[in-house]
Amino acid sequence: MGRESHKMKALSLLRSRICDPKFIFKPLHDSPDSNYSKLKFMMSSSITEACNNSILLLGPRGSGKSAVLELVVGDLLVEYPDMISVIKLSGLLHSDDNCALKEVARQLCLEHQLQFSKAASFDDNSQFMVAMLKECGLAHKTIVFILDEFDLFAQGKQRLLYSLLDAMQSITSQAVVIGISCRMDADQLLEKRVRSRFSHRKLLFLPPSMEDSKSILEHVMSLPVDSSLPHDYAVEFNRKVQDILADRRFKETFNKYLNFDSSVKHLLRFLFCAVSCMDLQTGFLTCENFETAFSSIMRQPKLECLKNCSILELYILVCMKRLEVKEQTLCNFNSIMKEYKNVHDSFRTSDYYARNVCLKAFEHLINRELICFTDNRGHSSSVEFRPAKLLISSSELHQGLKAYHSCPAILHKLMDREG
Amino acid sequence: MAIVPEKTASDARSDPNSTPGKRKLRSDGPLIMDSPISSPTKWKSPRQCSSENKDGAVAAKEMVANEGEIKSHKSPSKSMQDSFADKLKWNPKDGEQVRTVKEALHVSTAPSTIVCREDEQNMVFEFCKSCVEHKKAGSIYICGCPGTGKSLSMEKVKKLLVDWAKQAGFLQLDVLSVNCTSLANTSDIFSKMLGLNQPQGKKTEASSLQQLQSLYSQKSSGQKMILMVVDELDYLITKDRAVLHDLFTLTTFPFSRCILIGISNAIDLADRFLPRLKSLNCKPIIVTFRAYSKDQILSILKERLRELPYTVFQHQALELCARKVAASSGDMRKALCICRSAIEMLEAEIRESIGLSEISLEEKASPRQNIASDPNHVKQEFDAVRIDHVALALSKTYRSPLVDTIQSLPHHQQIILCSSMKQFRGAKKDTILGELYKSYTGICKSSLIPPAGILEFSNMCRVLNDQGLIKLGPSREDKLKRVTLNIDEADVTFALQGIRFFRNCLQ
């Protein structure tokens, strides 16, 4: 029992690390060039120097913008207690100006323990916001506005952005506006008056390079040697991890995975999957864990569907493909049957089934959505006359046939003939 | 709201233990009555009395006095350079000094004199003066690009007019400042005007506009003149342009009392939206605020830095900044922002050198002796913002993040961009996702890379759409979505030129 529990402990430690953004982005704290340090420096200098600032965080989805911002805000709240109040708005919810101002007023009331009235008008809310900015300015408190999905605020008349950025132009207010967006041209979407008031500081969050991804992996997977886990076990675990990282097969899988999407979120998803596949009997990670994770994430549903098809169904699909290649415009069950007969006649195949069996197979394919009908007008004509089309591309079909366990060679020949 | 007096702020600054104080709310310097909008060299800032370095202040005061005397002999630029030479060295490692400089360069710090806009201010001021003297209404329309000093100048003119009216013995002027973005309804502007006239706020049957119109059609003695400054006038433009029209025609009524100053960015607002005003003979006077030229930007920056007792920028650095900003937009806010950015570059450099020197000290202390001396680690004099700092700040502001983004995209997404470029080579500018997938698999096959499945492919296209690199149209079926390239093809070619695979691909 005791031996089991430390492996479980190791597994839950790894899992909790992957889900904790603080742990993932910690190695970046030390380098002064990182976005964390730059953002922290900008915000802390705005707070201590009491000057207004606006920053834009840009980067693809899942590259850690919100995570790093949360870290910085958390650190600043500890360093400068009572000098910051944070207001969060989201472009998905508050892109309408009335709604946004109401939300700003509500959050300000919440922060400062004031009564918030739902019946306040747009005018009242905006006057309240301006008055609060003045008051906080006098009291040396900085208000940090975090605008998530910044590009959605730039739709319409951009009144909220204008009033926020304009309030920052006056000497009485002390505020920092931080916009987060995944559009690279977010600041081009702003009107020219709003863009003029925006201070053009941009922090780019780029996905990590291959080496950086490897070092993140190493950082997450290395168990701490001097902790509650048994020393030998931790050392052995780390050694196995190093072996995996040096393995050529792993490198191939890793590169293949990151070639599709190299953001941090994608990487973490892969790691979580792999760690969850860890064999609890041995308690160590292996290369196979990573390969299982890869195949479970990069699924191709249509190919899996093909694996379960019968030979007759494969024949029907190949016949439809041939009709498509011959550019025959009408493709319904009857024409497929004609083609099937042709194939049977020219190649003398052994798999020739009766018409009603083929109809059954055809309907089966419709149910599995490998084929669909092209007319949406209803079931006016019978199944045999309605036009149909393939929902699976020729390359997928090709791949599926190759992977099929006992595919007759004739099908390969038929597919290859089209080239 | 208490106004922080100057004395306590300076005390706070000299006390090292106090929290960083709030910036002083400045009061204006003494006004010179004969020429209200004076050129800056005749006027000395009272702030110099409270600067931190007492000796520096004395020296600076003497220097400015000298400068005034010798101004007549030397050309302006030369005397400025002399004043640079005479000033003290700036110590950027001192946090307090850096803070003062950044404050002087901040956009929200309104300078006490507004240089380079004297002509425009004079024009408006004279017009308003004549309106007040003859008790007639009038309208002015001020236009110009953002960041050209319109609102700032109007604030100044407002103050001057109120003071002048008081001095010249006219009835106290009512001033109303409205920013049209804060109006929920466009016709609220009339109720704001009415609120000024009738503080009781009687709610009668007629709308505010009608009340104003009836008010201005009747003679009533002892009525005060109203000065209205309406900012961001184009927010009042409605479909039938009624509100804008009515606002300007209020000045044509026989007993109208308002001087209307409208500010906007559109140069031809009056021509486009108010054609009937011409026939009514009440077309507003148009004052255009041109974008700043390089010399103007340079003189404004120098004016802001003049009040400081030390030299912050090298002359070429300021000139580079002014030149670049004038060439691109002539927006003063951008110039100020770039200067502050350059100061931050200098700070970053200082922090890095401190870090390096710490590392080298540690290495010296360790028993391992053989360290090749770092050629870059020379004791650098950090005393002014150099031209390379400004160049770095400029490149950060003006460079779009596009090239970096494309270069850091994962491999397959770059292939998608290439295949879309190949598709749109000819006259066709858009295609559907299914076609793009075919092109993508073609490129992958030709270079023996296994292509992604259609599901993964449409995921990647969605990611590219979120980033704004391609645009996906709506459709019920994934394969039928329309795809267009949202960025310039030259950018993609430039970004991917370093990789041979893509170079061959794009040929």
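User: At what angle do helix α16 and helix α19 of chain A pack?

Analyst: This is a predicted model, in which local features need pLDDT of at least 70, side-chain atom pairs count only at pLDDT 80 or more, and totals for chains, interfaces and linings use all residues. Residues are numbered from 1 along each chain as its sequence is written, chains are lettered from A and ligands numbered from 1 in the order in which they are written, and side-chain values use heavy atoms, with hydrogens and water left out. Helices (H or I, at least four residues) and strands (E, at least two) are DSSP runs numbered from the N terminus, while axes are lines fitted to C-alpha atoms, for helices over the stretch in contact, with angles from 0 to 180 degrees between N-to-C directions. For α16 (residues 311-325) and α19 (residues 394-403) of chain A the axes are 11 Å apart, and the packing angle is about 145 degrees.

User: Why is helix α8 of chain A described as largely enclosed?

Analyst: Buried means under 20% relative accessible area, exposed over 50%, and partly exposed in between, with a 1.4 Å probe and protein chains only. The buried residues of α8(A) are Arg159(A), Leu160(A), Leu161(A), Tyr162(A), Leu164(A), Leu165(A) and Ala167(A). Helix α8 (residues 159-167) is largely enclosed by the rest of the structure because the buried residues number seven of the nine.

User: Is Ser153(B) buried or exposed, and what is Ser153(B) in contact with beyond its sequence neighbours?

Analyst: Ser153(B) belongs to helix α6 (residues 150-168) of chain B, and it counts as buried because its relative accessibility is 0%. Once neighbours within four places in sequence are set aside, the contacts of Ser153(B) are Ile114(B), Arg117(B), Gln121(B) and Phe289(B).

User: What is the phi of Asp82(A), and what is that of Gln113(A)?

Analyst: Asp82(A) sits in the loop between α4 (65-79) and β2 (84-90) of chain A and is exposed at 69% relative accessibility. Gln113(A) sits in the loop between α5 (97-111) and α6 (122-138) of chain A and is exposed, with a relative accessible area of 68%. Each has a positive phi although it is a residue other than glycine, with Asp82(A) near 70 degrees and Gln113(A) near 55 degrees.

User: How far apart in space are Lys338(A) and Cys319(A)?

Analyst: Lys338(A) lies in helix α17 (residues 333-347) of chain A and counts as exposed at 59% relative accessibility. Lys338(A) is 19 residues from Cys319(A) in sequence, and their C-alpha to C-alpha distance is 9.3 Å.

User: What percentage of the residues of chain B count as buried?

Analyst: Chain B has 21 helices and 10 strands. Among its contacts with a separation of 6 or more, 75% join residues 24 or more positions apart. Of the 507 residues of chain B, the share that counts as buried is 47%.

Notes
Contact means heavy atoms within 4.5 Å.
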